[in-house]
Amino acid sequence: MPARRYIQIGIHGRTYRLAGPDPDRTRMMARQVHAAMTRLEDAMPGTEELKLAVLAAVHLADELSSLRDEYRDFRASVGGSAERMLRAIGETDSESDGAADASREAPEASVEDSPSEAA
């Protein structure tokens, strides 16, 4: 497990000391929270900071939930497509196996027929 590294980040005018294994990722997430709070403050001037933080958290949670739903739907779609492709490949392999079996039988049959034709 990577070591936790502490960094100082600023969100909406306040400084926080946060820990995590990837400081760049932590900074990126802090920028997202800051941006969400700033958008809300622009839309609702004078709103207290705690309320902005809670609303930003709800907005970000909603976005995360929507992305999870899209990801789940995508995986289901890809999974269904993959299953259909595997079935199609399996059917093609079965048909190929049958053709291969027939081609293996064909030379034997022609070998048996050859002496009969000569006789």
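How exposed is Asp69 in this predicted model? Asp69 is partly exposed, with a relative accessible area of 34%. The views below start with the whole chain and return to this residue at the end.

**Figure 1**
The model shown here is predicted. Read along the sequence, the pattern is β-β-α-α. The strands are S1 (5-11) and S2 (14-20). The helices are H1 (23-43) and H2 (49-118). The chain has 119 residues, and 13% of them count as buried.

**Figure 2. His12 sits in the loop between strands S1 and S2.**
Strand S1 covers residues 5-11, and strand S2 covers 14-20. His12 is buried, because its relative accessible area is 17% and the limit for buried is under 20%. The side chain of His12 makes a polar contact with the side chain of Glu41, at 3.1 Å. A polar contact also joins the side chains of His12 and Glu49, at 3.4 Å. Look at the backbone too. The phi of His12 is positive, at about 55°, although His12 is not a glycine.

**Figure 3. Helix H1 runs for 21 residues.**
From the first C-alpha to the last, H1 reaches 30 Å. That is close to the 30 Å expected at 1.5 Å a residue. At the start of H1, look for Asp22. A side-chain oxygen of Asp22 comes to within 3.2 Å of the backbone nitrogen of Asp24.

**Figure 4. Helix H1 has a buried side and a face turned away from it.**
Which residues of H1 are buried? They are Pro23, Thr26, Ala30, Ala36, Met37 and Leu40. Seen down the axis of H1, these buried residues fall within an arc of 150°, so they line one face of the helix. An α-helix has 3.6 residues a turn, so residues three or four places apart point the same way. The face of H1 turned away from the buried side carries exposed residues. They are Asp24, Arg25, Arg31, Arg39, Asp42 and Ala43.

**Figure 5. Val33 of helix H1 is shown with Ala53.**
Val33 lies in H1. Val33 is partly exposed, with a relative accessible area of 27%. In sequence, Val33 and Ala53 are 20 residues apart. In space, their C-alpha atoms are 8.1 Å apart.

**Figure 6. The largest pocket is lined by residues of H1 and H2.**
How can empty space be found in a model? Rolling a probe the size of a water molecule over the atoms shows where empty space is left. Here, the largest pocket holds about 190 Å³ of space. Its lining consists of Arg25, Met28, Met29, Gln32, Leu60, Glu63, Leu64 and Leu67. Helices H1 and H2 each supply at least two residues of this lining. By type, the lining residues divide into five nonpolar, one polar and two charged.

**Figure 7. Asp69 is found in helix H2.**
This is the residue from the opening question. Asp69 is partly exposed, at 34% relative accessible area. The side chain of Asp69 makes a polar contact with the side chain of Arg72. The distance of this contact is 3.2 Å.

Technical notes: Residues are numbered from 1 along each chain as its sequence is written. This is a predicted model: local features need pLDDT of at least 70, side-chain atom pairs count only at pLDDT 80 or more; totals for chains, interfaces and linings use all residues. Side-chain values use heavy atoms; hydrogens and water are left out. On a 1 Å grid over the protein atoms alone, a cavity is a set of points where a 1.4 Å probe fits but cannot get out, and a pocket is an open set with protein on both sides within 12 Å along at least five of seven lines; lining residues have an atom within 4 Å of a point. Grid points are joined across faces, edges and corners, and a volume is the space filled by probe spheres set on the points. Helices (H or I, at least four residues) and strands (E, at least two) are DSSP runs, numbered from the N terminus. Ala, Val, Leu, Ile, Met, Phe, Trp, Tyr, Cys and Pro count as nonpolar, Asp, Glu, Lys and Arg as charged, and the others, Gly among them, as polar. The expected span of a helix is 1.5 Å times one less than its number of residues. Buried means under 20% relative accessible area, exposed over 50%, partly exposed in between (1.4 Å probe, protein chains only). The arc is that of the directions from the helix axis to the C-beta atoms. A polar contact is a pair of N or O atoms within 3.5 Å; within protein, one must be able to donate a hydrogen and the other to accept it, and residues adjacent in sequence count only if both atoms are side-chain atoms.
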